[in-house]
Amino acid sequence: MPPQFETVKSFANVPVTADGVETISFLEAADGLMNLFDLLGGPVFAFVQTDLRNNIAGVRARYQARESVSATLENLVQAEAREGEKHGTACLVRLTRGLLFTCRALQQAQEDRTADLYVCFKRAYDVVLSPHHSFIIRSIVSVAIRAVPRRDAFFNCIAEGGSLEKLDIEMAKWLAAIDTLVIRISAFLRDGDYGHV
């Protein structure tokens, strides 16, 4: 059986049209990312996984409740705004923020191959999530990030016995796609005054 990173929906395969980012494909790719983190087990990534899962569920619930006006993330947000609702949009803001954090941490790991993995996650946390957290949460996260697995253990676990070289290539594609989507969604949310990532 091939490793999950070869079989899950990649953010690189999420369709983007003139109307925006296809909602269901985006959610499937986000689920795929969660499945990869499940391989690591343990509580280290629990804070990220819990937040991402809850926000995926929130966006999915909104999509399922109003599929006809939620084909794209942009349509979903605009429809919710017209209806005076905000839950799906708030979940999308937090989900985008969580994806940005994960993307930046893994990009750092690919760009600085000598840095400990916890350093990459700490750098990303300080830039992306820390400004949105209280002192107490920042303190807890600071301790939790120290428990991130060693670089080799992390990547070997995600590769599931597959080629690390192939994982690196596929991960670079995923991260480039996540980055592009996050920039697009963030700009849409900010410019429409729907929320700030």
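**Helix packing and the nonpolar core**

In the predicted model, helices α4 and α9 are roughly parallel to each other. Their axes cross at roughly 20°, an angle under the 35 degrees below which a pair counts as roughly parallel, and come within 11 Å. The crossing in which α4 passes α9 is right-handed. On the α4 side, the residues that meet α9 are Leu73, Glu74, Val77 and Gln78; on the α9 side, they are Arg184, Ile185, Phe188 and Leu189. Classified by residue type, the contact of α4 with α9 holds 5 nonpolar, 1 polar and 2 charged residues.

Helix α4 also packs against α5, at an angle of about 140° and with the axes 8 Å apart. This angle makes α4 oblique to α5. The handedness here is left-handed, whereas α4 passes α9 in a right-handed crossing. Leu73, Leu76, Val77 and Glu80 of α4 meet His87, Gly88, Thr89 and Leu92 of α5. This contact of α4 with α5 comprises 4 nonpolar, 3 polar and 1 charged residues. Leu73 and Val77 are listed in the contact of α4 with α5 and also in the contact of α4 with α9.

Helix α5 spans residues 87–111 and α6 spans residues 117–128. These two helices pack at an angle of about 140°, with their axes 8 Å apart, and are therefore oblique to each other. Their crossing is right-handed. From α5, the contact draws on Arg97, Leu100, Phe101, Arg104, Ala105, Leu106, Gln108 and Ala109; from α6, it draws on Leu117, Cys120, Phe121, Arg123, Ala124, Tyr125 and Val128. By class, 11 of the residues in the contact of α5 with α6 are nonpolar, 1 is polar and 3 are charged.

The largest nonpolar core contains 58 residues. Within this core, the members that touch the most others are Phe11, Phe26, Val59, Leu92, Leu99, Phe101 and Phe121. Two or more residues are contributed by each of α2 (23–38), α3 (46–65), α4 (73–82), α5, α6, α7 (135–145), α8 (151–159) and α9 (164–191). In soluble globular proteins, nonpolar side chains tend to be buried together. Phe101 and Phe121, both among the core residues with the most contacts to other members, also take part in the contact of α5 with α6. Leu92, another of these core residues, lies in the contact of α4 with α5. When residues up to four places away in sequence are not counted, Val59 touches Leu27, Leu73, Leu76, Gly88, Cys91, Leu92 and Leu95.

Glutamine 107 lies in helix α5. Its relative accessibility is 16%, so glutamine 107 counts as buried. With residues up to four places away in sequence left out, glutamine 107 touches Leu175 and Asp179. The C-alpha atom of glutamine 107 is separated by 9.8 Å from that of phenylalanine 121, which is 14 residues apart from it along the chain.

Glutamate 160 has a phi of about 50° and is placed in the loop between α8 and α9. At a relative accessible area of 37%, glutamate 160 is partly exposed. Aspartate 193 has a phi of about 60° and is placed in the segment after α9. Its relative accessibility of 63% means that aspartate 193 counts as exposed.

Methods. Residues numbered from 1 in each chain as written. Predicted model: local features only at pLDDT ≥ 70, side-chain atom pairs only at ≥ 80, totals over all residues. Heavy atoms only, no water. Axes fitted to C-alpha atoms, helices over the stretch in contact; angles between N-to-C directions. Helix = DSSP H or I, 4+ residues; strand = E, 2+ residues; numbered from the N terminus. Parallel < 35°, antiparallel > 145°, perpendicular 65-115°, else oblique. Left-handed = near helix turned anticlockwise from the far one by under 90°. Contact = heavy atoms within 4.5 Å. Nonpolar A, V, L, I, M, F, W, Y, C, P; charged D, E, K, R; others polar. Core = buried A, V, L, I, M, F, W, Y, C linked by side-chain atoms within 4.5 Å. Buried < 20%, exposed > 50% of the residue type's maximum accessible area, 1.4 Å probe, protein only.
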